[in-house]
Amino acid sequence: MTRFRVSVHIIPRRGLLDPQGKAVTDALHTLGFAAVGEVHVGRHLVIETGAKDAAAAEASVRTMCERLLANPVTEDFEIAGVVKE
Amino acid sequence: MKVGIVTFPGSNCEGDAFHAVVDQLGEQAVMLWHKDHDLQGSDVVILPGGFAYGDYLRAGAIARFSPIMKEVAAHAAKGGVVLGICNGFQIACEAGLLPGALLRNDVGYRSMPVTIRVEHTNTTFTSVAKVGQCLTMPIAHGEGRYAASDDVLDQLESDGQVLFRYVNAAGETTVDANPNGAMRNIAGVCNAARNVIGLMPHPERAVDLLLGSIDGLVLFESLLVAAHA
């Protein structure tokens, strides 16, 4: 069993109104960042877990996302990184 | 009628629910701790408002795994009535007892009276109300924007599961009458079996003229009629 740090991004599903993202977009436009299109505000989680290898650690975190960390109705998730501790 | 009121760490409307059931309806209520494994013979279970587990992760996401939720799900599966109010609605959605999800409001936290229109009366929570009846009661939430896929929304509409919509004083569903950006102005829904009901507004805070409205009473009286039927 090896220890891993698995990072996961959880973001509002595209097409659903994201009021935080919209507020940040508007503020960036006000600051002159005219090239900014859309901003999406989500969550970043870092999960320290034991697994036999990196693939198993990632698979385990995917299951965690499906069961608890992301809402299947309104959110998408992506594994951002798997690092051996 | 015996009503079980579940208290999670961070619930804050369990006392209002108790007041509505015991003082206004004159019925029995029992407080159930979220770690309990027994509904103590409750006919109706209320998941009250508040901020269970501080709304950490997502509102209701962690509360749905509290030990008592297994018993609540079993009660619902047997046809027992479950009523989720505000945070309780969020918990019921997260638990899969109700379709859809409650997202962050389009414009921040809202605490205000709203008017909702009763869309269907063939549930234990709306049987004494009239279709089209408008009820005024408070909302107080930051994550109450009802959302589901278009397919799910269409199915809810065709099956008559949209029980309440936000409306203006004339009873019309307008953008201005919608306090949180909810899809199709939806304020409350029920499950396909019609025994699990969730809504964002607080009927339990509208049962006493001292608090400005008694429009919530008709919903609690519906529960009573169903229990004695």
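Is Phe89(B) buried or exposed at 0% relative accessibility? Phe89(B) counts as buried, because its relative accessibility is 0% (buried is under 20% relative accessible area, exposed over 50%, partly exposed in between, with a 1.4 Å probe and protein chains only).

## Basis of the model

This is a predicted model, in which local features need pLDDT of at least 70 and side-chain atom pairs count only at pLDDT 80 or more, while totals for chains, interfaces and linings use all residues. Residues are numbered from 1 along each chain as its sequence is written, chains are lettered from A and ligands numbered from 1 in the order in which they are written, and side-chain values use heavy atoms, with hydrogens and water left out.

Chain B holds an open sheet of 9 strands with mixed pairing, in the order 2-1-3-4-11-10-9-6-7. Its edge strands, strand 2 (28-33) and strand 7 (134-141), each pair on one side only. Neighbouring strands of this sheet are turned by 25 degrees against each other on average, direction ignored. Strands are DSSP runs of E with at least two residues, helices runs of H or I with at least four, both numbered from the N terminus; two strands pair if DSSP finds at least two bridges between them.

Strand 4 (residues 81-85) and strand 11 (residues 196-199) of chain B run parallel and are joined by 4 bridges; Gly84(B) has Gly198(B) as its bridge partner in strand 11. Helix 1 (residues 14-24) of chain B lies across strand 1 (2-7), strand 2 and strand 3 (44-47), running at about 160 degrees to strand 2. Axes are lines fitted to C-alpha atoms, for helices over the stretch in contact (heavy atoms within 4.5 Å), and angles run from 0 to 180 degrees between N-to-C directions.

## Aromatic pairs

Over all chains, the structure holds 3 aromatic pairs. Rings of Phe, Tyr and Trp (its six-membered ring) pair if their centres lie within 6.5 Å; planes under 30 degrees apart count as stacked, over 60 as edge-to-face and the rest as tilted. Phe89(B) and Tyr146(B) are stacked, because their ring centres are 6.0 Å apart and their planes at 10 degrees. This pair links helix 3 (residues 87-94) to strand 8 (residues 145-147) of chain B, 57 residues apart. Tyr146(B) counts as buried at 1% relative accessibility.

The rings of Phe125(B) and Phe220(B) are edge-to-face, with centres 6.2 Å apart and planes at 85 degrees. Phe125(B) and Phe220(B) form one aromatic cluster with Phe164(B).

## Asn185(B)

Asn185(B), in the loop between strand 9 (162-167) and strand 10 (186-190) of chain B, counts as buried at 9% relative accessibility. Beyond its neighbours within four places in sequence, Asn185(B) has contacts including Phe164(B), Tyr166(B) and Asn178(B).
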